Amino acid sequence: MPAAPRSGEDAKFDRLVYERVRLGIMSALAVNEQLSFNELKALFDVSDGNLSAHARKLEEAGYIVCSKFFAGRRPKSEYRLTPVGRKALYRYLEHIEAVIRATRRA
Amino acid sequence: MCDMRSNNTVAIHSHALGTLNYIRASIEAAGACAVPGTAGIAMGAVGMAATILASIPELAAYWMAIWLIAAAIASAVGAALIARQRSRGGLTLYSGPARKFVLCLAPPLLAGAVLTGVLWQAGESRLVPGAWLLLYGCAVLSASMMTSTAVMRLIGAMGTLFVLFGVAAFELPLRWHNLILGLGFGALHLVFGVLIGRVNRGESAEWQT
(Lines give C-alpha, C1' and ligand atoms only; values in the text may rest on other atoms or scores of the structure.)
Protein backbone atom coordinates (compact mmCIF):
# COMPACT_ATOMS: atom_id res chain seq x y z
CA MET A 1 0.00 0.00 0.00
CA PRO A 2 1.57 3.30 -1.04
CA ALA A 3 2.22 5.83 1.70
CA ALA A 4 -0.24 8.69 1.88
CA PRO A 5 1.23 11.97 0.64
CA ARG A 6 2.15 14.31 3.46
CA SER A 7 0.46 17.65 3.74
CA GLY A 8 2.61 20.79 3.94
CA GLU A 9 1.68 21.22 7.59
CA ASP A 10 2.80 17.69 8.48
CA ALA A 11 6.13 18.14 6.72
CA LYS A 12 6.77 21.37 8.66
CA PHE A 13 5.69 19.66 11.85
CA ASP A 14 8.06 16.74 11.21
CA ARG A 15 11.05 18.98 10.75
CA LEU A 16 10.29 21.05 13.83
CA VAL A 17 9.27 18.55 16.45
CA TYR A 18 11.20 15.49 15.29
CA GLU A 19 14.57 16.88 16.44
CA ARG A 20 15.53 15.57 19.91
CA VAL A 21 16.26 18.83 21.76
CA ARG A 22 13.17 20.56 20.32
CA LEU A 23 11.02 17.57 21.25
CA GLY A 24 12.49 17.70 24.77
CA ILE A 25 11.80 21.43 25.09
CA MET A 26 8.18 20.96 24.06
CA SER A 27 7.70 17.93 26.36
CA ALA A 28 9.18 19.79 29.32
CA LEU A 29 7.00 22.85 28.66
CA ALA A 30 3.92 20.63 28.34
CA VAL A 31 4.13 19.83 32.08
CA ASN A 32 5.33 23.24 33.27
CA GLU A 33 3.53 26.52 32.84
CA GLN A 34 6.87 28.15 32.04
CA LEU A 35 10.56 27.32 32.21
CA SER A 36 13.54 29.64 32.14
CA PHE A 37 16.40 29.41 29.65
CA ASN A 38 18.70 28.10 32.40
CA GLU A 39 16.21 25.45 33.49
CA LEU A 40 15.92 24.16 29.93
CA LYS A 41 19.70 24.27 29.52
CA ALA A 42 20.19 22.24 32.70
CA LEU A 43 17.52 19.72 31.66
CA PHE A 44 18.98 18.90 28.27
CA ASP A 45 22.65 19.61 28.93
CA VAL A 46 23.08 21.72 25.79
CA SER A 47 25.13 24.84 25.09
CA ASP A 48 23.60 28.33 25.18
CA GLY A 49 23.91 28.70 21.41
CA ASN A 50 22.40 25.31 20.67
CA LEU A 51 19.42 25.89 22.96
CA SER A 52 18.89 29.42 21.58
CA ALA A 53 18.84 28.12 18.02
CA HIS A 54 16.32 25.37 18.78
CA ALA A 55 14.12 27.66 20.89
CA ARG A 56 14.13 30.30 18.14
CA LYS A 57 12.92 27.75 15.57
CA LEU A 58 10.05 26.73 17.85
CA GLU A 59 9.26 30.39 18.50
CA GLU A 60 9.20 31.19 14.79
CA ALA A 61 6.73 28.35 14.27
CA GLY A 62 4.52 29.75 17.04
CA TYR A 63 4.95 26.59 19.14
CA ILE A 64 6.49 28.41 22.11
CA VAL A 65 6.61 32.03 23.26
CA CYS A 66 9.53 33.68 24.99
CA SER A 67 9.25 36.57 27.40
CA LYS A 68 12.43 38.48 28.17
CA PHE A 69 12.80 40.61 31.27
CA PHE A 70 15.30 41.73 33.87
CA ALA A 71 15.44 40.13 37.32
CA GLY A 72 17.52 42.76 39.09
CA ARG A 73 20.38 43.33 36.66
CA ARG A 74 20.23 39.90 35.10
CA PRO A 75 18.41 39.40 31.81
CA LYS A 76 16.04 36.43 31.92
CA SER A 77 14.16 34.50 29.28
CA GLU A 78 11.13 32.41 30.10
CA TYR A 79 9.44 30.07 27.68
CA ARG A 80 5.84 28.87 27.48
CA LEU A 81 4.15 26.36 25.22
CA THR A 82 1.42 27.91 23.05
CA PRO A 83 -1.90 26.15 22.32
CA VAL A 84 -0.62 25.59 18.76
CA GLY A 85 2.55 24.01 20.15
CA ARG A 86 0.60 21.78 22.52
CA LYS A 87 -1.58 20.65 19.64
CA ALA A 88 1.52 19.91 17.54
CA LEU A 89 3.06 17.88 20.38
CA TYR A 90 -0.13 15.85 20.86
CA ARG A 91 -0.33 15.26 17.11
CA TYR A 92 3.27 14.04 17.13
CA LEU A 93 2.49 11.70 20.06
CA GLU A 94 -0.52 10.37 18.17
CA HIS A 95 1.75 9.65 15.17
CA ILE A 96 4.21 7.78 17.37
CA GLU A 97 1.42 5.78 19.02
CA ALA A 98 -0.05 4.97 15.60
CA VAL A 99 3.37 3.70 14.43
CA ILE A 100 3.69 1.51 17.52
CA ARG A 101 0.14 0.16 17.12
CA ALA A 102 0.71 -0.57 13.42
CA THR A 103 4.03 -2.34 13.96
CA ARG A 104 2.57 -4.39 16.82
CA ARG A 105 -0.20 -5.56 14.53
CA ALA A 106 2.31 -6.42 11.78
CA MET B 1 12.63 -9.28 0.96
CA CYS B 2 10.37 -10.51 3.70
CA ASP B 3 13.27 -10.43 6.22
CA MET B 4 14.15 -6.90 5.21
CA ARG B 5 10.59 -5.72 5.84
CA SER B 6 10.60 -7.43 9.22
CA ASN B 7 13.89 -5.72 10.15
CA ASN B 8 12.50 -2.33 9.11
CA THR B 9 9.40 -2.92 11.19
CA VAL B 10 11.54 -3.69 14.26
CA ALA B 11 13.68 -0.59 13.63
CA ILE B 12 10.66 1.74 13.25
CA HIS B 13 8.98 0.18 16.30
CA SER B 14 12.06 0.51 18.52
CA HIS B 15 12.70 4.05 17.25
CA ALA B 16 9.12 5.03 18.11
CA LEU B 17 9.43 3.42 21.55
CA GLY B 18 12.76 5.19 22.07
CA THR B 19 11.13 8.51 21.18
CA LEU B 20 8.27 7.85 23.61
CA ASN B 21 10.79 6.98 26.34
CA TYR B 22 12.69 10.19 25.61
CA ILE B 23 9.49 12.25 25.89
CA ARG B 24 8.64 10.47 29.16
CA ALA B 25 12.15 11.11 30.55
CA SER B 26 11.98 14.79 29.54
CA ILE B 27 8.60 15.19 31.23
CA GLU B 28 9.82 13.41 34.39
CA ALA B 29 13.00 15.48 34.59
CA ALA B 30 11.15 18.74 33.93
CA GLY B 31 8.53 17.97 36.56
CA ALA B 32 10.94 16.94 39.33
CA CYS B 33 12.31 19.05 42.16
CA ALA B 34 15.86 18.18 43.25
CA VAL B 35 16.04 17.53 46.99
CA PRO B 36 19.58 17.60 48.42
CA GLY B 37 20.45 15.07 51.15
CA THR B 38 22.02 17.90 53.16
CA ALA B 39 18.52 19.38 53.66
CA GLY B 40 17.38 16.18 55.41
CA ILE B 41 20.58 15.97 57.48
CA ALA B 42 20.31 19.61 58.61
CA MET B 43 16.61 19.24 59.45
CA GLY B 44 17.40 16.03 61.34
CA ALA B 45 20.12 17.78 63.35
CA VAL B 46 17.62 20.50 64.34
CA GLY B 47 15.13 17.75 65.32
CA MET B 48 17.77 16.03 67.46
CA ALA B 49 18.61 19.31 69.20
CA ALA B 50 14.90 19.86 69.93
CA THR B 51 14.60 16.33 71.36
CA ILE B 52 17.53 16.91 73.70
CA LEU B 53 16.24 20.33 74.80
CA ALA B 54 12.68 19.10 75.39
CA SER B 55 13.97 16.13 77.41
CA ILE B 56 15.64 18.42 79.99
CA PRO B 57 13.26 18.23 83.00
CA GLU B 58 13.29 22.03 83.56
CA LEU B 59 12.30 22.63 79.94
CA ALA B 60 9.86 19.75 79.56
CA ALA B 61 6.86 22.04 80.17
CA TYR B 62 7.88 24.10 77.12
CA TRP B 63 8.07 21.11 74.78
CA MET B 64 5.56 22.54 72.31
CA ALA B 65 7.33 25.91 72.07
CA ILE B 66 10.69 24.13 71.61
CA TRP B 67 9.33 21.94 68.82
CA LEU B 68 7.55 24.85 67.11
CA ILE B 69 10.76 26.92 67.10
CA ALA B 70 12.66 23.85 65.84
CA ALA B 71 10.07 23.39 63.06
CA ALA B 72 10.51 27.02 61.96
CA ILE B 73 14.33 26.70 61.98
CA ALA B 74 14.29 23.33 60.19
CA SER B 75 11.89 24.63 57.51
CA ALA B 76 14.06 27.71 56.93
CA VAL B 77 17.27 25.63 56.74
CA GLY B 78 15.69 23.01 54.46
CA ALA B 79 14.25 25.68 52.15
CA ALA B 80 17.59 27.53 52.06
CA LEU B 81 19.49 24.34 51.12
CA ILE B 82 17.02 23.47 48.35
CA ALA B 83 17.19 27.09 47.13
CA ARG B 84 21.01 26.98 47.17
CA GLN B 85 21.00 23.79 45.08
CA ARG B 86 18.62 25.37 42.54
CA SER B 87 20.54 28.62 42.38
CA ARG B 88 23.83 26.72 41.83
CA GLY B 89 22.19 25.12 38.81
CA GLY B 90 21.15 28.57 37.61
CA LEU B 91 17.49 27.70 38.20
CA THR B 92 14.70 30.04 39.26
CA LEU B 93 14.00 29.59 42.98
CA TYR B 94 10.23 29.36 42.94
CA SER B 95 9.12 28.14 39.56
CA GLY B 96 7.98 24.96 37.86
CA PRO B 97 8.86 21.84 39.90
CA ALA B 98 9.89 23.75 43.04
CA ARG B 99 6.55 25.55 43.10
CA LYS B 100 4.67 22.25 42.69
CA PHE B 101 6.80 20.69 45.45
CA VAL B 102 5.86 23.51 47.85
CA LEU B 103 2.20 23.36 46.79
CA CYS B 104 2.14 19.61 47.57
CA LEU B 105 3.70 20.18 51.00
CA ALA B 106 1.52 23.13 51.96
CA PRO B 107 -2.04 21.75 52.52
CA PRO B 108 -1.16 19.05 55.13
CA LEU B 109 1.26 21.45 56.85
CA LEU B 110 -1.44 24.13 56.98
CA ALA B 111 -3.88 21.55 58.40
CA GLY B 112 -1.22 20.67 61.00
CA ALA B 113 -0.85 24.32 62.01
CA VAL B 114 -4.63 24.75 62.39
CA LEU B 115 -4.99 21.46 64.32
CA THR B 116 -2.15 22.45 66.66
CA GLY B 117 -4.02 25.61 67.63
CA VAL B 118 -7.36 23.81 67.97
CA LEU B 119 -5.97 20.94 70.07
CA TRP B 120 -3.95 23.28 72.27
CA GLN B 121 -6.98 25.49 72.95
CA ALA B 122 -9.12 22.43 73.70
CA GLY B 123 -6.53 21.23 76.21
CA GLU B 124 -5.75 18.18 74.08
CA SER B 125 -2.08 18.92 73.45
CA ARG B 126 -1.30 15.21 74.09
CA LEU B 127 -2.70 14.61 70.57
CA VAL B 128 -0.41 17.19 68.96
CA PRO B 129 2.71 14.98 68.42
CA GLY B 130 0.61 12.36 66.60
CA ALA B 131 -1.04 15.03 64.45
CA TRP B 132 2.33 16.60 63.59
CA LEU B 133 3.94 13.31 62.60
CA LEU B 134 0.89 12.09 60.68
CA LEU B 135 0.32 15.31 58.73
CA TYR B 136 4.02 15.89 58.06
CA GLY B 137 4.15 12.33 56.72
CA CYS B 138 1.21 13.10 54.42
CA ALA B 139 2.96 16.29 53.24
CA VAL B 140 6.18 14.40 52.50
CA LEU B 141 4.29 11.59 50.74
CA SER B 142 2.47 13.96 48.40
CA ALA B 143 5.59 16.07 47.76
CA SER B 144 7.58 12.93 46.93
CA MET B 145 5.58 12.76 43.68
CA MET B 146 7.32 15.97 42.58
CA THR B 147 10.85 14.62 43.10
CA SER B 148 13.10 12.75 40.68
CA THR B 149 12.44 9.04 40.21
CA ALA B 150 15.83 8.28 41.78
CA VAL B 151 14.80 9.62 45.20
CA MET B 152 11.00 9.41 44.94
CA ARG B 153 10.80 5.98 46.61
CA LEU B 154 13.15 7.02 49.42
CA ILE B 155 11.18 10.18 50.17
CA GLY B 156 7.92 8.24 49.87
CA ALA B 157 9.24 5.63 52.35
CA MET B 158 10.24 8.42 54.75
CA GLY B 159 6.73 9.92 54.47
CA THR B 160 5.15 6.51 55.14
CA LEU B 161 7.31 6.03 58.25
CA PHE B 162 6.27 9.48 59.50
CA VAL B 163 2.61 8.48 59.03
CA LEU B 164 3.19 5.21 60.97
CA PHE B 165 5.02 7.09 63.75
CA GLY B 166 2.07 9.51 63.89
CA VAL B 167 -0.42 6.67 64.27
CA ALA B 168 1.80 5.12 66.97
CA ALA B 169 2.10 8.47 68.79
CA PHE B 170 -1.69 8.63 69.27
CA GLU B 171 -1.50 5.32 71.13
CA LEU B 172 1.65 5.95 73.17
CA PRO B 173 1.60 7.43 76.68
CA LEU B 174 2.72 11.06 77.14
CA ARG B 175 6.24 10.22 78.34
CA TRP B 176 7.08 8.66 74.97
CA HIS B 177 5.99 11.66 72.90
CA ASN B 178 9.28 13.54 72.94
CA LEU B 179 11.12 10.37 71.98
CA ILE B 180 8.85 9.59 69.05
CA LEU B 181 9.07 13.22 67.84
CA GLY B 182 12.85 12.88 68.03
CA LEU B 183 12.77 9.56 66.17
CA GLY B 184 10.65 11.15 63.45
CA PHE B 185 11.86 14.71 62.97
CA GLY B 186 15.40 13.88 64.11
CA ALA B 187 16.40 10.32 63.23
CA LEU B 188 14.24 9.78 60.12
CA HIS B 189 15.42 13.05 58.59
CA LEU B 190 19.05 12.22 59.35
CA VAL B 191 18.93 8.65 58.01
CA PHE B 192 17.01 9.54 54.86
CA GLY B 193 19.13 12.66 54.33
CA VAL B 194 22.22 10.45 54.20
CA LEU B 195 20.49 7.94 51.88
CA ILE B 196 19.23 10.69 49.53
CA GLY B 197 22.73 12.23 49.49
CA ARG B 198 24.18 8.86 48.46
CA VAL B 199 21.65 8.42 45.66
CA ASN B 200 22.25 11.99 44.43
CA ARG B 201 26.03 11.47 44.44
CA GLY B 202 25.61 8.20 42.54
CA GLU B 203 23.44 9.98 39.98
CA SER B 204 25.85 12.84 39.38
CA ALA B 205 28.76 10.37 39.06
CA GLU B 206 26.71 8.48 36.47
CA TRP B 207 26.14 11.69 34.50
CA GLN B 208 29.85 12.51 34.51
CA THR B 209 30.94 9.11 33.16
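Guide: Start with a term. A helix is a DSSP run of H or I, at least four residues long, and helices are numbered from the N terminus. Take A:K57 as a case: A:K57 is found in helix α4 of chain A. Keep in mind that this is a predicted model.

Visitor: How many helices and strands does chain A have?

Guide: Chain A has 5 helices and 3 strands. Along the sequence, they follow the pattern α-α-β-α-α-β-β-α.

Visitor: How do I read a sheet? In what order do the strands of chain A lie?

Guide: Begin with the general idea. Strands of a sheet pair through backbone hydrogen bonds, either parallel or antiparallel. In chain A, 3 strands form an open sheet in the order β1-β3-β2, with antiparallel pairing. The edges are held by β1 (35-36) and β2 (64-71) of chain A. Each has a single partner strand, so one side of each lacks a neighbour in the sheet.

Visitor: Over how many bridges do β2(A) and β3(A) pair?

Guide: Strand β3 of chain A covers residues 74-81, and β2(A) pairs with β3(A) over 8 bridges in the antiparallel sense. You can follow the pairing residue by residue. A:S67 has A:E78 as its bridge partner in β3(A). For A:I64, the bridge partner in β3(A) is A:L81.

Visitor: Which helix packs on the sheet?

Guide: Helix α4 of chain A, residues 48-60, packs there. This helix touches β2 and β3 of chain A, and its direction makes about 120 degrees with that of β2(A).

Visitor: Why is A:K57 called partly exposed?

Guide: Partly exposed lies between buried, under 20% relative accessible area, and exposed, over 50%. A:K57 has a value of 43%, so A:K57 is partly exposed.

Visitor: Is A:E33 buried or exposed?

Guide: A:E33 is exposed, because its relative accessible area is 52%. A:E33 is found in the loop between α2 (20-30) and β1 of chain A. Not counting residues up to four places away, A:E33 touches A:Y79, A:R80 and B:R99. In sequence, A:E33 and A:L81 are 48 residues apart, yet their C-alpha atoms are 7.6 Å apart.

Visitor: What share of chain A do buried residues make up?

Guide: Of the 106 residues in chain A, 40% are buried. Chain A exposes about 6500 Å², and carbon and sulfur atoms supply 53% of that area. Contacts tell another part of the story. Among those in chain A between residues at least 6 apart in sequence, 54% join residues at least 24 apart.

Visitor: And chain B? Which residues form a nonpolar patch on the surface?

Guide: B:L110, B:V114, B:L115 and B:V118 form the patch, with about 360 Å² of accessible area together. B:L110 has its place in helix α4 (residues 96-121) of chain B. B:L110 is exposed, with a relative accessible area of 58%.

Methods
Residues numbered from 1 in each chain as written. Chains lettered and ligands numbered in written order. Predicted model: local features only at pLDDT ≥ 70, side-chain atom pairs only at ≥ 80, totals over all residues. Heavy atoms only, no water. Patch = residues over 30% accessible without salt bridge, like charges linked within 9 Å, V, L, I, M, F, W, Y side chains within 5 Å. Areas by Shrake-Rupley, 256 points an atom, 1.4 Å probe, with all protein chains shown as cover. Salt bridge = Lys/Arg side-chain N within 4 Å of Asp/Glu carboxyl O. Helix = DSSP H or I, 4+ residues; strand = E, 2+ residues; numbered from the N terminus. Buried < 20%, exposed > 50% of the residue type's maximum accessible area, 1.4 Å probe, protein only. Pairing = 2+ DSSP bridges. Contact = heavy atoms within 4.5 Å. Axes fitted to C-alpha atoms, helices over the stretch in contact; angles between N-to-C directions.
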